[in-house]
Amino acid sequence: MSYERPNISAMAGYVWGEQPTDTRTIKLNTNENPYPPSPKVDAALGELTGASLRRYPQPTALPLRESLARHHQLTPDHFVVTNGGDEALRLALTTFVEPGAGFGMAEPSYSLYEVLAQIQDARVVHSPLDGQWHLADNFAEQMNDESVQLTCLVNPHAPSGTLATAQQMSDIATALNGVLLIDEAYVDFVDPQIGYSAVPLLAHHDNVLILRTFSKGYGLAGLRLGYLMGSPSLLAPVMWKTRDSYNMDHLSQVVGQAAFEDQAYARETWRRVREERERLRTALSACGLTSPESQSNFLLVDCSEAPITAPALYQALKDNHILVRHFDTDRLRQSLRITIGTPEENDQLLAAIDQALSNAALTR
Ligand SMILES: Cc1ncc(COP(=O)(O)O)c(C=O)c1O
């Protein structure tokens with residue numbers, strides 16, 4: 001006898017990237033920042049006392065929302081702070097998608113979208129990306145035809161790293177009948193010279209939400225901190241109705257604010273990641289392992305022209321204590337998603353790949 005709701009019983013849960021327990025493994029499989037958070041985080045942690053945890057936290061994370069508002073030149077009412085970006089996604093689904101109604105996404109993208117939609121018992125509407133990882137020209141029409149109430153688009157895209165323009169996002173938001181959530185988990189790593197920003201869209205679109213996280217850009221995946229930006233009217237039900245009563249603990253609010261206010265430190269880590277991203281992309285492509293131009297902190301490396309299959313290269317790297325991500329789906333089976341590491345980690349990765357390719361060529 002099962003007590004689960006039928007939709008929960010029918011679904012498989014989210015599959016995490018592997019978490020090695022040893023300290024020697026080079027972990028390039030879950031897109032964490034290779035650099036630690038700002039030293040101001042250590043200072044804030046040092047000042048925290050057990051006694052400060054006796055009371056409930058500030059219920060709406062107001063001091064942090066004020067910091068976010070100053071930075072983005074918006075008001076605190078444009079923000080809801082969440083327990084990681086993942087909670088922001090769950091809140092958006094709970095608030096905007098009725099059970100049985102449509103939830104839209106491009107395929108492939110972040111696999112948690114589908115899992116959360118299944119929990120909500122929503123009808124998932126996929127729109128396949130083309131060979132260049134571009135959205136279908138009639139993407140919004142496809143969503144409207146299926147009465148989609150919420151669409152999630154990750155930009156820069158995961159797992160390819162490619163970036164759509166803010167104008168494309170704006171055009172889609174205009175055409176959609178439902179809400180558009182732009183998942184900007186990786187936006188901190190976009191080359192500033194491109195001048196990408198979807199934030200101005202919020203002034204003109206009352207159906208746009210932007211998701212951000214501290215897990216990647218601010219080196220705080222272990223803290224669980226993210227936020228939603230949107231027009232105050234769109235966010236009000238999330239803030240006042242669907243959110244857990246105290247969804248952000250005191251520690252995350254204080255430590256997150258310390259990290260966020262040290263923009264200079266964070267920006268320097270982003271610059272270093274971009275520098276290594278270009279170096280790694282060029283070096284891998286010289287070995288026949290090409291990847292689309294990435295504006296993220298990872299590369300999606302195509303192994304179809306290599307003397308070794310993607311699963312075999314994944315295993316060869318793992319044998320060398322280097323973890324990367326392989327997705328066993330039709331579209332991604334011959335690719336590996338590799339997080340940008342420190343220069344030393346990337347050197348070891350390149351050496352291990354070089355070795356694996358030579359071994360494979362010898363045994364052919
Ligand atoms: C595309 C995308 N969106 C959102 C998230 C959520 O991140 P977090 O819950 O760590 O803030 C992730 C995490 O990997 C992601 O890849």
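Which residues make up domain 1 and domain 2 in the domain assignment of the chain? Domain 1 covers 13–35 + 264–362, and domain 2 covers 39–261. These bounds come from an automatic or database domain assignment. This is a predicted model, where local features need pLDDT of at least 70, side-chain atom pairs count only at pLDDT 80 or more, and totals for chains, interfaces and linings use all residues. Residues are numbered from 1 along each chain as its sequence is written.

**View 1. Domain 1 against domain 2.** The C-alpha centres of the two domains lie 26 Å apart. Domain 1 puts 25 residues into the contact, and domain 2 puts in 22 residues. Two residues are in contact if their C-beta atoms, placed from the backbone, lie within 7 Å. On the side of domain 1 that touches domain 2, the elements giving two or more residues are α10 (263–286) and β9 (298–302). Helices (H or I, at least four residues) and strands (E, at least two) are DSSP runs, numbered from the N terminus. Helix α10 supplies the largest share of that side, five residues. By class, that side holds 11 nonpolar, nine polar and five charged residues. Ala, Val, Leu, Ile, Met, Phe, Trp, Tyr, Cys and Pro count as nonpolar, Asp, Glu, Lys and Arg as charged, and the others, Gly among them, as polar.

**View 2. The shell around the ligand.** There are 13 residues around the ligand. A residue is near a molecule if its C-beta atom, placed from the backbone, lies within 6 Å of it. Gly84, Gly85, Asp86, Thr213 and Ser215 come nearest. Helix α4 (residues 84–96) gives the most to the shell, with three residues. The shell divides into five nonpolar, six polar and two charged residues.

**View 3. The open sheet.** Seven strands line up as β2-β8-β7-β6-β5-β3-β4, with mixed pairing. Strands pair if DSSP finds at least two bridges between them. β2 (79–82) and β4 (123–128) stand at the edges with a single partner strand each, so one side of each is left without a neighbour in the sheet. Neighbouring strands are turned by 20° against each other on average, direction ignored. The axes are lines fitted to C-alpha atoms, for helices over the stretch in contact, and angles run from 0 to 180 degrees between N-to-C directions.

**View 4. Strand β6 beside β5.** β5 (residues 148–154) and β6 (residues 179–183) run parallel, joined by five bridges. Threonine 151 has leucine 180 of β6 as its bridge partner. Cysteine 152 has leucine 181 of β6. Five of the five residues of β6 are buried, so β6 is largely enclosed by the rest of the structure. A residue is buried if 20 or more other C-beta atoms lie within 10 Å of its own, exposed if 12 or fewer, and partly exposed in between; C-beta atoms are placed from the backbone. Val179, Leu181 and Asp183 are buried on one side of β6, and Leu180 and Ile182 on the other.

**View 5. Strand β3 beside β4.** Six bridges join β3 to β4, and the two run parallel. Glycine 102 stands opposite arginine 123 in β4. β3 (residues 102–107) is mostly covered, with five of its six residues buried.

**View 6. Threonine 174.** This residue sits in helix α7 (residues 166–175). Threonine 174 is partly exposed, with 14 other C-beta atoms within 10 Å.
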